[in-house]
Amino acid sequence: MADNLSFTLNGKPVTLSVDGDRMLLWVVRTELGLTGTKFGCGKGFCGACTVLVDKKAVRSCHFPVKQAAGKEVMTIEGLAQNGTLHPLQEAFAEQDALQCGFCTPGMILGAYSFLLENPRPSRDDIIKAMEGHLCRCGAHKRIVQAIETAAKGMQGAK
Amino acid sequence: MSEAEYDSIAHGHESGLGPISRRDFLKYTGGGIVVFFFAEGSWAAQRGLPTDFNAFLQVGEDGRVTCFTGKIEMGQGIITSLPQMLADELDVPVDSVDIVMGDTSLCPWDGGTHGSMSTRGFGPPLRKAAAEARQVLLELAAEKLDVPLERLQTKDGVVFDQAHAEKKATYAQLTQGKKIERQLKQEPHLKDVSEFKVMGKPRARTDARQKVTGQAQFAADIRAPGMAYAAILRPPAHGAKLRNADTSAAEKMAGVQVIRDNDLIAVLHEKPDMAEAALKEVKSDFDVPEAAVDDKTIFQHLLDVATGRGRESQTKGDVDAAAKQAKLTVEKTYYNSYVAHAPTETHSAFAKIENDTVTVWASTQAPFRLQEEIARALEVSPDKVRVITPFVGGGFGGKGRCIPAVEAARLAKLAKKPVQVVYSRAEEFFYDTFRPAAIVKVKSGLDDSGKFVFWDYGVYFAGDRGAACFYDVPNLRTTSYSETKPGMEAHLFATGAWRAPSNNTNTFGRESHVDMLAAEAKIDPVEFRLKNLTDERMIRVLKAAAEKFGWTPAKRPAAAGRGFGVACGIDSGTYVTTMAEVEVNKDTGEVQPKRVVCAMDQGITVNPEGQAMQIEGCITMGLGYALTEEVHFKGGDILDVNFGSYKLPRFSWLPEIETVLVENKELTPQGGGEPAVITMGAVIANAVFDATGARLFQLPMTGERIKEAISKSV
């Protein structure tokens with residue numbers, strides 16, 4: 001059943017006629033054409049599909065799109081501003097905190113949401129926060145380092 | 001080269017879209033210098049393909065350099081390191097090098113990306129081709145500048161007169177209007193390590209920006225107007241036969257197209273989740289064979305089906321006679337479970353057919369083999385099939401085949417529209433080519449001084465990569481058993497290469513056993529290994545690891561809940577020693593890795609940063625097969641359908657990781673992406689032994705198994 005839903009996507013308003021029970025992941029990747037959000041497991045185990053809804057990380061593979069109505073949705077495509085990478089993106093790129101790169105968009109958005117809540121995390125805080133994100137290539141060490149670096153870079157910034 | 005030019009080659013060459021010929025390439029590229037070269041082994045000759053080239057590089061008229069290779073990027077980082085090698089020999093800034101990978105219409109035939117061969121096998125000829133191109137540029141400059149060849153030098157894409165530096169020409173100026181073709185035949189002079197400016201220096205990944213912004217495209221990200229997503233009916237178990245399927249309910253759903261073609265039953269929809277939902281409406285009935293084997297009985301099954309006729313890969317002295325002389329003999333059996341590749345990106349493909357030509361974007365490690373497979377399935381000639389490999393989201397040996405690509409091509413043909421097939425996580429587990437369950441039996445003995453007297457080693461169903469004994473043993477035999485009794489199968493489902501195939505199992509068996517011998521002889525395990533090694537490379541690597549780790553000889557096991565382990569191994573020409581510190585919770589049996597140090601001698605290091613990354617990845621990934629990863633199954637039914645029961649390493653497992661690259665400038669680069677994973681089973685088993693006094697004989701060492709081993713050891 002189609003519902004008319006409106007929300008903002010990466011800062012721009014969108015209105016869709018879509019079955020509100022469908023998962024946000026598929027609507028973002030198909031109707032909205034943004035493929036940076038990845039399908040990894042479909043059950044919320046891996047974190048590859050993480051997006052932000054009102055700045056909180058959610059697993060879009062089991063987040064019904066109707067719950068996004070009236071809210072701000074941000075995907076990885078919305079993180080860099082006018083071509084300038086966010087400190088998290090900078091740190092991931094500079095510190096080689098990725099290999100195949102498939103889990104990276106979800107990792108970065110998961111870390112972003114966490115850093116908004118906890119701008120001065122300890123290493124243990126970071127590990128705890130990222131525990132639900134899987135990386136098969138084993139880039140964990142560099143991901144933790146990149147988040148530590150980005151946390152410093154984000155202080156004072158939004 | 002511009003994208004339009006790529007397209008003009010891809011769509012233009014006369015023979016259609018088959019393996020690109022030299023004539024095709026020269027016709028459609030702009031001018032400049034092209035050097036054709038051949039890399040790797042004998043596969044081309046075996047296949048009756050030309051052996052004069054399987055790669056080329058071009059110095060374009062704009063001075064940019066492009067390398068064309070059938071290799072693919074799946075995280076291992078060759079997109080960054082191959083250009084480094086090229087840039088150094090050619091004397092150009094590394095940023096002026098482009099690399100085109102894994103496109104069957106742009107790149108020459110290639111056997112696939114595996115076996116840690118990209119840098120080891122492809123690197124040396126790539127460097128030679130670059131040196132050859134540099135030679136051509138020098139000759140052109142000699143003529144243009146009217147300067148004797150021997151006075152000329154190159155730097156940063158410029159040839160200049162050493163006597164009069166103002167006399168110079170850029171590569172772009174030299175190649176302008178030229179069309180020069182060279183075949184690499186002779187052995188051009190390669191630079192010495194001391195001359196390297198780019199190689200040996202850390203270089204950040206060139207694909208990082210695309211990957212952190214979501215711009216990097218994987219096969220599931222390809223879109224085209226009018227496309228459909230397919231969900232395919234799958235059997236409940238391997239070996240199951242479809243009795244009947246009723247698709248009528250699905251057919252009635254809005255927007256659903258049902259395709260039935262022999263064994264292939266698919267529902268198509270313009271939304272992937274709707275296709276998935278429609279598949280649930282397909283009623284099916286399968287004959288499922290009775291489950292005779294499961295993950296608990298598999299090892300007995302393997303021993304039952306084995307003929308016991310082995311292949312001896314290593315023999316020395318008289319093992320049977322020597323066995324009687326040994327003062328201390330240990331005989332043990334080691335078990336290793338099925339392990340999944342579980343790449344974060346499931347196998348995915350997108351296919352479209354235009355003007356009789358099939359173009360398929362696929363997550364594959366072997367685009368050219370896939371091209372042939374698709375051609376067979378569609379009954380067309382391979383030159384009507386183009387496979388493009390975008391970024392691959394992890395492979396680890398599991399993407400040698402890409403079944404969804406064949407299915408997408410078949411469906412695109414039948415549905416007359418572009419089709420995408422993306423495995424669900426359950427399909428990914430079901431169709432994975434698991435690392436085989438395997439068994440290692442070792443009987444070995446020492447003399448009074450703790451020196452080896454004999455070593456009798458047999459490996460069942462893992463293969464013999466990494467089985468060879470590198471300790472100094474006077475009487476030795478290494479045997480590989482893979483033959484099954486007539487009509488009997490070892491495995492109920494597909495198995496295949498998993499990062500450093502065979503070697504994880506062999507190194508677990510050998511290094512666990514060596515550790516047991518050391519403990520029985522009451523000698524520190526590092527001291528014991530050094531006492532029994534004559535291989536200088538291994539001695540150097542072991543000592544480097546011990547120094548970095550701060551290994552202190554001690555009586556083991558200390559059984560203090562905290563333990564230290566060591567394991568050594570050789571893979572893909574690379575020597576590895578890993579040391580680990582773990583904490584074991586004796587109540588739960590859970591292991592917390594605290595610190596891992598890995599020392600590696602892999603010859604010349606092209607990109608130290610990339611190499612460190614690969615070692616870290618091997619260590620972290622290796623903790624999975626050491627501690628939790630095993631495939632649960634009952635007959636052909638794969639019980640693991642997601643990451644709830646199949647447990648991958650997580651952030652909380654992360655030990656402190658340190659890597660040591662042991663310098664060896666005499667040796668060309670050896671394997672880098674696999675070797676450090678081989679030691680992880682044994683190093684953790686040995687550390688767990690030190691921590692608890694309990695010896696684990698089976699991987700993975702789950703909490704349950706460790707608890708059980710502890711209860712037996714007291």
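The answer below goes from the fold of the chain to its contact side.

A: This is a predicted model, in which local features need pLDDT of at least 70 and side-chain atom pairs count only at pLDDT 80 or more, while totals for chains, interfaces and linings use all residues. Residues are numbered from 1 along each chain as its sequence is written, and chains are lettered from A and ligands numbered from 1 in the order in which they are written.

Chain A has 5 helices and 5 strands; these are DSSP runs, with helices (H or I) of at least four residues and strands (E) of at least two, numbered from the N terminus. Their order along the sequence is β-β-α-β-β-β-α-α-α-α.

The C-alpha trace of chain A spans about 45 × 30 × 25 Å along its principal axes. Of the 158 residues in chain A, 54% are buried, meaning that 20 or more other C-beta atoms, placed from the backbone, lie within 10 Å of the residue's own. Two residues are in contact if their C-beta atoms, placed from the backbone, lie within 7 Å. Among the contacts in chain A with a separation of 6 or more, 60% join residues 24 or more positions apart.

Turning to the partner, 44 residues of chain A are in contact with 48 residues of chain B. At least two residues of this side of chain A come from each of helix 1 (24-31), helix 2 (87-94), helix 3 (104-117), helix 4 (123-130) and helix 5 (140-154). Helix 2 of chain A gives the most, with 4 residues. By type, the side of chain A that touches chain B has 24 nonpolar, 12 polar and 8 charged residues. Here Ala, Val, Leu, Ile, Met, Phe, Trp, Tyr, Cys and Pro count as nonpolar, Asp, Glu, Lys and Arg as charged, and the others, Gly among them, as polar.

Definitions and conventions: A residue is buried if 20 or more other C-beta atoms lie within 10 Å of its own, exposed if 12 or fewer, and partly exposed in between; C-beta atoms are placed from the backbone.
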